[in-house]
There are 2 protein chains.
Amino acid sequence: MGMNLTKIFKPQTMAIIGVSLSNPFNPANVIYNKNRHHCTAETYGVNPRGGELYGQKIYASISEIPVPVDLAVISVKADFVPQVIKECIKFGVGGAIIISGGFTESGKQDLEKEIRDTAVKNDFPVIGPNCLGVMSYPHVDTFFLSRERLIALNPGNVSLISQSGGILVDQLIKLTQEGVGIARAVSIGNKAVLDEVDILEYLNTDRDTDVIGIYVEGFKEDRGRKFIETADSMKKPVIIIKSGKTPGGTRAVSSHTASIAGDYTTFCQVVAKSRAIEATSENEFVSFCEVLSNYPGKRVTNTCIITASGGHGAMASDGLYDTGIMIPEIPEGDRTRLKALVSENIRDIASFSNPVDLTGSAGDIDFVESVKFFFSTDYIDCVLLLLLPYLPGISTDIGSRISELVRTFKKPLVVYIPHVDKYDIFIEGFEGNGIPVAHSVEGAVNMVKAIAGEKI
Amino acid sequence: MGMNLTKIFKPQTMAIIGVSLSNPFNPANVIYNKNRHHCTAETYGVNPRGGELYGQKIYASISEIPVPVDLAVISVKADFVPQVIKECIKFGVGGAIIISGGFTESGKQDLEKEIRDTAVKNDFPVIGPNCLGVMSYPHVDTFFLSRERLIALNPGNVSLISQSGGILVDQLIKLTQEGVGIARAVSIGNKAVLDEVDILEYLNTDRDTDVIGIYVEGFKEDRGRKFIETADSMKKPVIIIKSGKTPGGTRAVSSHTASIAGDYTTFCQVVAKSRAIEATSENEFVSFCEVLSNYPGKRVTNTCIITASGGHGAMASDGLYDTGIMIPEIPEGDRTRLKALVSENIRDIASFSNPVDLTGSAGDIDFVESVKFFFSTDYIDCVLLLLLPYLPGISTDIGSRISELVRTFKKPLVVYIPHVDKYDIFIEGFEGNGIPVAHSVEGAVNMVKAIAGEKI
């Protein structure tokens with residue numbers, strides 16, 4: 001579309017159209033309160049009857065708001081939406097997010113077409129209808145879910161686009177749990193005006209975004225090809241997860257957003273040829289987003305696996321096989337040199353081939369010396385560390401000690417630590433220092449694949 | 001082997017051979033303390049110098065212990081182990097677990113063969129060497145890891161066998177986090193005498209075990225075929241996860257436990273023909289163990305997916321496609337009947353085809369009525385419930401209300417809830433009532449596949 005989306009993502013003023021004076025659980029009221037209390041945009045409520053809400057003036061029309069309005073969040077009955085859009089255009093609003101449902105997904109194609117035609121003719125950017133809209137801290141948050149039920153997001157460099165509000169919120173929760181920070185999150189709903197491609201183009205220019213994750217159900221008309229072209233021209237990695245891959249999934253998608261899921265084989269072929277990365281599971285999606293947000297622009301080929309358990313080393317070796325990522329043999333001389341560096345009690349029982357198995361008797365110093373040793377070589381450009389926090393020799397300092405090495409040598413490190421509350425103290429020692437931690441060996445392997453830039 | 005393992009898994013008396021009088025961090029001392037404080041077996045310490053430890057008499061030899069000894073846990077230098085085994089046999093000990101390393105994995109094949117020959121000749125059951133041994137609450141726990149670093153296991157009906165101690169502990173942690181209870185856990189190490197097959201045969205007779213999970217690296221000689229024959233003859237489901245599937249993994253395995261990983265293609269073909277279920281990832285392994293522990297012996301074919309998010313429904317439909325599990329269309333009459341049962345505010349926006357999408361406006365009552373409705377039909381024998389705890393209409397009572405339906409109708413239900421601390425209150429409402437909860441849509445799909453008895 002080439003529309004300017006800045007006023008949608010970074011509004012200085014916004015109007016919430018459709019707040020209720022009687023029902024505090026109305027979605028518009030949830031949005032009104034969230035933005036007034038937690039976002040920077042000055043927020044004005046609109047209801048045709050005017051009045052007062054929580055001690056604030058409610059305006060009878062957008063035209064009465066005393067300042068120019070950057071963004072209108074529209075949550076009124078579907079039939080009234082076209083008229084509201086026209087008013088927004090008339091009074092110079094910068095863009096709109098339509099939260100309301102009741103359009104194509106309910107058989108009202110005409111109503112949606114009317115919105116589209118009006119918006120396109122007037123170069124007026126619109127997200128939705130039938131969506132959660134935009135979360136773009138600290139500016140705006142139109143998700144009509146109470147903050148108490150969600151977890152507080154961290155600011156960061158990952159942005160998400162999703163056709164499904166439910167999937168979007170789930171992924172935000174999962175990324176936040178992994179310590180990943182979010183820049184923007186967009187639920188695009190029925191895509192009457194703006195779609196994935198438009199948002200992708202905007203995010204490509206967004207300074208706060210380094211990595212983009214997208215949940216796709218289907219494309220409209222010929223936008224699939226355009227989407228891939230756009231993903232290809234991006235300066236930032238794009239990770240795609242798709243549903244509607246099978247006849248069953250396609251049927252589910254079409255009853256959901258009334259979009260055509262398209263042929264998955266074709267989709268895969270197109271994605272395979274592009275620079276975009278397909279995640280085939282939610283776990284992969286989260287792993288890819290996490291590691292790329294930590295190491296944007298890094299590329300690796302030769303990995304050293306360091307572990308305290310032979311079983312873990314074997315599982316990781318299996319996972320990396322056939323990916324194009326090498327697990328080079330360690331030269332004899334280097335094995336001898338490393339052996340001299342580790343503690344005496346593991347010297348004769350550890351295995352210094354790759355995977356390096358320091359055994360369950362290893363302590364902090366052995367992991368630190370090994371990571372440092374391989375970071376210093378020219379044949380290893382990434383370390384995969386499989387750490388078991390229940391081993392007696394591992395202290396809670398290990399995260400910061402090893403993170404320091406990553407900063408010094410500027411080579412990426414990926415860590416595996418099983419995830420239970422008790423081990424948060426180890427996990428945070430890494431994640432708090434910008435090192436990605438996976439909670440399964442496969443998750444850790446997926447992270448290495450993603451920074452290797454391998455098509456997966 | 002046909003040996004009697006009862007005294008290893010349920011000892012009334014045990015001797016810890018090799019406790020140190022000076023080093024409290026010695027593995028034997030960790031085991032001695034754990035068992036004295038937390039297990040039911042009467043525990044005696046042995047050290048050639050005799051003496052006293054923590055106010056308790058330490059015996060100079062197993063022959064001095066004043067009661068018959070069921071189990072000897074041996075943690076002395078490798079060279080001394082054959083002599084200790086001979087003493088155990090001489091003084092009528094019921095079985096031994098050899099914790100010590102320094103055998104085949106360190107090139108000392110002869111030492112290991114000596115143990116094997118002695119044990120086999122005398123029909124003396126031995127686990128190890130080079131292992132963590134056995135955790136069999138409330139009787140015995142020979143894992144030399146401090147309890148403070150592990151999470152407290154729940155008693156339950158899942159038993160695990162593992163060639164790798166590290167993988168075993170990880171899986172115990174992951175299962176416990178999912179609320180799954182453990183009966184026995186066995187780290188078999190070098191398998192000098194008893195191997196997977198022997199333990200499997202024992203667990204088949206163990207009344208406390210309903211489901212068996214096994215981590216395999218490789219089999220000795222012709223035990224692979226025997227293993228599969230045994231798995232096939234079991235009355236209980238057997239879930240296998242294997243490493244050493246690729247040349248890289250195989251190399252890692254052989255440097256780890258000196259066992260031959262075997263050809264993975266052959267392994268897969270053999271497993272595919274057997275009744276055992278292969279898990280191809282840790283996540284699958286945990287999902288399979290969890291769901292089968294909740295619904296032992298249940299088999300399902302026709303699943304209804306109930307969700308509040310179309311995207312989740314589509315992902316689950318994709319996952320179940322091509323598995324042999326049906327997602328039947330809901331007859332028109334039933335759609336109308338269900339529509340009349342749900343709340344008015346979702347009646348016109350919900351979708352009553354399968355997947356049933358109750359939308360983000362659904363409340364507890366809508367989920368309860370829908371689950372009840374489909375449990376009452378004859379064409380649905382399993383419900384997959386995709387629940388989003390951040391939706392305003394869902395209360396913390398939903399778990400117990402829906403669990404009640406599972407008890408009444410005796411049909412299995414699998415739930416998806418994203419996992420963060422905040423949602424534990426929802427998750428526990430199900431898991432505390434014996435309903436398995438997955439934390440990814442794929443995890444939930446895997447659970448349905450496992451109870452469907454489909455080969456995966």
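**Entry 1: a helical pair in chain B**

I began with Glu404(B), which is partly exposed at a relative accessible area of 41% (buried means under 20%, exposed over 50%, partly exposed in between, with a 1.4 Å probe and protein chains only). This is a predicted model, in which local features need pLDDT of at least 70 and side-chain atom pairs count only at pLDDT 80 or more, while totals for chains, interfaces and linings use all residues. Residues are numbered from 1 along each chain as its sequence is written, chains are lettered from A in the order in which they are written, and side-chain values use heavy atoms, without hydrogens and water.

I found that Glu404(B) forms a salt bridge with Arg407(B), with the closest N and O atoms 3.1 Å apart (a side-chain nitrogen of Lys or Arg within 4 Å of a carboxyl oxygen of Asp or Glu). Both residues lie in helix H15 (residues 398–409) of chain B, three residues apart, about one turn of the helix (helices are DSSP runs of H or I, at least four residues, and strands are runs of E, at least two, numbered from the N terminus). Arg407(B) is partly exposed, at 41% relative accessibility.

**Entry 2: further salt bridges**

I then looked up Arg184(B) and Asp206(B), whose side chains meet in a salt bridge (2.9 Å, N to O). The pair links distant parts of the chain, 22 residues apart: Arg184(B) is in strand E11, and Asp206(B) is in the loop between helix H6 and strand E12. Arg184(B) is buried at 1% relative accessible area, and Asp206(B) is buried at 3%.

Over all chains the count is 32 salt bridges.

**Entry 3: where the chains meet**

I recorded zero salt bridges between chain A and chain B. Contact (heavy atoms within 4.5 Å) involves 69 residues of chain A and 69 residues of chain B. The buried area is about 5000 Å², of which carbon and sulfur atoms give 53% (the accessible area, with a 1.4 Å probe, that two parts lose on being put together, summed over both). In chain A, Arg149(A), Asp318(A) and Tyr390(A) lose the most area to chain B, together 15% of what that side buries.

**Entry 4: symmetry**

I noted that chain A can be laid on chain B with an RMSD of 0.0 Å by a turn of 180 degrees and a shift of 0.0 Å along the axis (superposed by least squares on C-alpha atoms of residues with pLDDT of at least 70 in both). The two copies are therefore related as by a two-fold rotation axis.
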